[in-house]
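Let's take a walk through this model, one piece at a time. Keep the structure open beside you as we go.

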Amino acid sequence: KNWIKMGTRDTKLKRTTKEIFNQLKAGTVSLEYLNEIRKDNRKSVQTALTAYLKREEKQKMEILKYDEMTRFEKEIWAKGFEKIAGVDEVGRGPLAGPVVSAAVILPKAYKILGLNDSKQLSDKKRSQLYEEIQKYAVAIGIGIASVEEIDMFNIYHATKLAMQRAIDDLPVSCDYLCIDAMELDVNIPQLSVIKGDARSVSIAAASIIAKQTRDQMMRDYAKQFPGYGFEKNAGYGTRMHLEALHQFGVTPIHRKSFAPVKNLL
């Protein structure tokens with residue numbers, strides 16, 4: 001038979017398949033060990049080896065991407081600044097709900113691999129990164145601009161307000177800002193980065209924190225205002241949301257300065 005039971009021992013290598021699987025699963029192994037495993041003719045071992053090599057290649061690419069996305073941070077660190085806060089927001093476009101911003105100071109010595117624009121991540125990956133950022137970030141601040149403020153000041157100025165509040169919410173002071181495509185009227189040196197959530201690890205981390213925070217807020221609003229699908233559409237103008245607007249009317253969390261909400265008043 002061409003199959004082999006887990007834990008059986010190869011007489012030449014003197015290692016059970018279970019020992020090999022556990023070793024490969026544990027992390028990086030030596031080149032000598034890999035060359036030894038390559039000579040193992042058991043199909044299950046070769047399958048495990050292929051999976052290991054794919055994981056290693058994926059991690060290598062993530063490290064390269066992380067290093068590429070720290071270009072701005074490295075240039076700023078080289079100037080003597082230590083605590084760089086990445087700043088980003090989510091929620092400019094929806095018809096309902098607040099705009100939420102986050103400011104995140106990442107550590108220099110620890111790499112949170114996989115950081116990217118929150119919109120380009122799966123829900124599972126974004127959730128995993130959210131937990132990792134919460135665990136390893138030097139500091140995190142959250143800023144919120146309400147629906148009333150959006151209607152009063154317009155979304156552009158409300159976004160700036162949310163960003164300022166996120167910076168003010170940091171438990172430690174930052175000495176430099178990396179902001180996604182915005183400039184703020186603050187007495188802190190800053191760099192505005194176009195598409196920064198995909199080009200800077202600090203801004204990417206902020207985008208993930210902001211999105212996870214706002215998505216949870218919208219899930220909570222969905223319980224308070226059922227029928228609009230806020231738990232799925234996060235307040236954006238999906239077909240279901242627009243139909244609910246016509247059927248149930250405008251809620252207190254809808255942006256009354258935004259069409260088509262404004263047209264229903």
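**Strands, helices and rings**

Start with strand β2 (residues 99-105), which pairs with β3 in the antiparallel sense over seven bridges; strands count as paired if DSSP finds at least two bridges between them. Helices (H or I, at least four residues) and strands (E, at least two) are DSSP runs, numbered from the N terminus. Look for I105, and opposite it in β3 you'll find A139. Strand β3 (residues 139-145) has five of its seven residues buried, so the rest of the structure largely encloses it. Buried here means under 20% relative accessible area, exposed means over 50%, and partly exposed is in between (1.4 Å probe, protein chains only).

A word on ground rules: this is a predicted model, where local features need pLDDT of at least 70 and side-chain atom pairs count only at pLDDT 80 or more, while totals for chains, interfaces and linings use all residues. Residues are numbered from 1 along each chain as its sequence is written, and side-chain values use heavy atoms, with hydrogens and water left out.

Now for the rings. The whole structure has four aromatic pairs, a pair being rings of Phe, Tyr and Trp (its six-membered ring) with centres within 6.5 Å; planes under 30 degrees apart count as stacked, over 60 as edge-to-face and the rest as tilted. One of them is Y110 with Y136, stacked at 3.9 Å centre to centre with 20° between the planes. This pair links distant parts of the chain, 26 residues apart: Y110 sits in the loop between β2 and α5 (123-136), and Y136 in helix α5. Y110 is partly exposed, at 29% relative accessibility, and Y136 is partly exposed too, at 31%. Elsewhere, ring pairs join Y228, F230 and F248 into a cluster.

That brings us to helix α10 (residues 239-248), whose buried residues are H241, A244 and L245. Seen down the axis of α10, they fall within an arc of 105°, so they line one face of the helix; the arc is that of the directions from the helix axis to the C-beta atoms. After α10 comes G249, with a positive phi near 95°.
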